[in-house]
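Colleague: I have not worked with this one before. Could you take me through it step by step?
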Amino acid sequence: MNPNPPTTADEADRLARLRELVILDSAPEPVFDSIARMASEICGVPIALISLIDLERQWFKANVGLPGVNETPRDVAFCDYAIRSDAVLEVPDARADARFAANPLVMGAPDIRFYAGAPLILPGGQRVGTLCVIDRQTHHLSATQIAMLRSLAAIVTEALIMRRDLIERTLVVRAEPERAVRQLTAIIDNTTDFVSQTDSRGNIVYLNPAARRSAGIALDAPLNESWYAQFNPPQTLQLYY
């Protein structure tokens, strides 16, 4: 188990930036899966993960080599140590490292021996997770492999930011028609002109407040066909389906 509290110096800000990515518990996506596979192949190990460190768990956006595992408790996560520095954390033999020798992920499945994690660093400096590679036997990365792992982690970070920005733009686009409808509704509700809406059969389905007041119809009264005889549609600006 991790003997240190699972927090970083900027934990509150880090978690806030993580939430803004709208990534936790999202479905698998090919771009992230592909990067994890590349990391596994480049580093010559069977396991590669894109891990996001939440308050009490690490959650995997991409998973190569650990089928069926979506997350683990944060207090056993090697990645919790990796996000405490901008440097790549490499553990050649977890059994010989006092931080991890008694870790249940070392003592039992998935029998971690080697670990290397490159932090995912946002533009503001917050480290929200890692791109990590794992082996069940001792291992050591070359300088070139470490540099490639760091580069792939930077690509993951850029993909996370682009994904967030796309979601934000999509929400803005969807909000524009809703905002226009609200503005039009406000205009119609507050105008002194009479406005009505009829369906394809000529039945009145909407009267704005001014029209209702003129006809003596309560603002919350339901409309029905009898109102057609009490209210003269030609006197109104009519909206049709």
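Colleague: Leaving aside its neighbours within four places in sequence, which residues is L52 in contact with?

Modeller: L52 is in contact with L18, I23, L24, R57, Q58, W59, K61, L120, V128, G129 and L160, once neighbours within four places in sequence are set aside. Contact means heavy atoms within 4.5 Å. Please note that this is a predicted model, in which local features need pLDDT of at least 70 and side-chain atom pairs count only at pLDDT 80 or more, while totals for chains, interfaces and linings use all residues. Residues are numbered from 1 along each chain as its sequence is written, and side-chain values use heavy atoms, with hydrogens and water left out.

Colleague: What is the secondary structure of the protein chain?

Modeller: The chain has 7 helices and 9 strands. Helices (H or I, at least four residues) and strands (E, at least two) are DSSP runs, numbered from the N terminus.

Colleague: And how much of the protein chain is buried?

Modeller: Of the 241 residues, 44% are buried. Buried means under 20% relative accessible area, exposed means over 50%, and partly exposed lies in between (1.4 Å probe, protein chains only). Among contacts with a separation of 6 or more, 59% are between residues 24 or more positions apart.

Colleague: Which residues of α1 are buried?

Modeller: In helix α1 (residues 11-20), the buried residues are E11, R14, L15 and L18. They line one face of the helix, because they fall within an arc of 95° when seen down its axis. The arc is that of the directions from the helix axis to the C-beta atoms. These buried residues pack against β1 (47-53) and β6 (127-135). Just after α1, V22 takes a positive phi of about 50°.

Colleague: What does the side chain of E11 meet in a salt bridge?

Modeller: It meets the side chain of R74, at 2.7 Å from N to O. The pair links distant parts of the chain, 63 residues apart: E11 is in helix α1, and R74 is in the loop between β3 (71-73) and α3 (79-82). Both E11 and R74 are buried. A salt bridge is a side-chain nitrogen of Lys or Arg within 4 Å of a carboxyl oxygen of Asp or Glu.

Colleague: How many salt bridges does that rule give?

Modeller: The count comes to 16. Another one joins the side chains of R57 and D54 (3.2 Å, N to O), and both R57 and D54 are buried. Salt bridges that share partners also join E11, R14, R74, D80 and R84 into one network.

Colleague: New topic: is K61 buried or exposed?

Modeller: K61 counts as buried, because its relative accessibility is 3%. Its place is in strand β2. The side chain of K61 reaches the backbone oxygen of A27 at 2.5 Å, and it makes a polar contact with the side chain of S26 (2.7 Å). A polar contact is a pair of N or O atoms within 3.5 Å; within protein, one must be able to donate a hydrogen and the other to accept it, and residues adjacent in sequence count only if both atoms are side-chain atoms.

Colleague: Where is S26 found?

Modeller: S26 is in the loop between α1 and α2. At 18% relative accessibility, S26 counts as buried. A polar atom of the S26 side chain lies 2.6 Å from the backbone oxygen of I23.

Colleague: Last one: how far apart in space are R113 and D93?

Modeller: They are 5.1 Å apart, C-alpha to C-alpha, and 20 residues apart in sequence. R113 is found in the loop between α4 (104-107) and β5, and its side chain reaches the backbone oxygen of V106 at 3.0 Å. R113 is buried, with a relative accessible area of 16%, whereas D93 counts as partly exposed at 23% relative accessibility.
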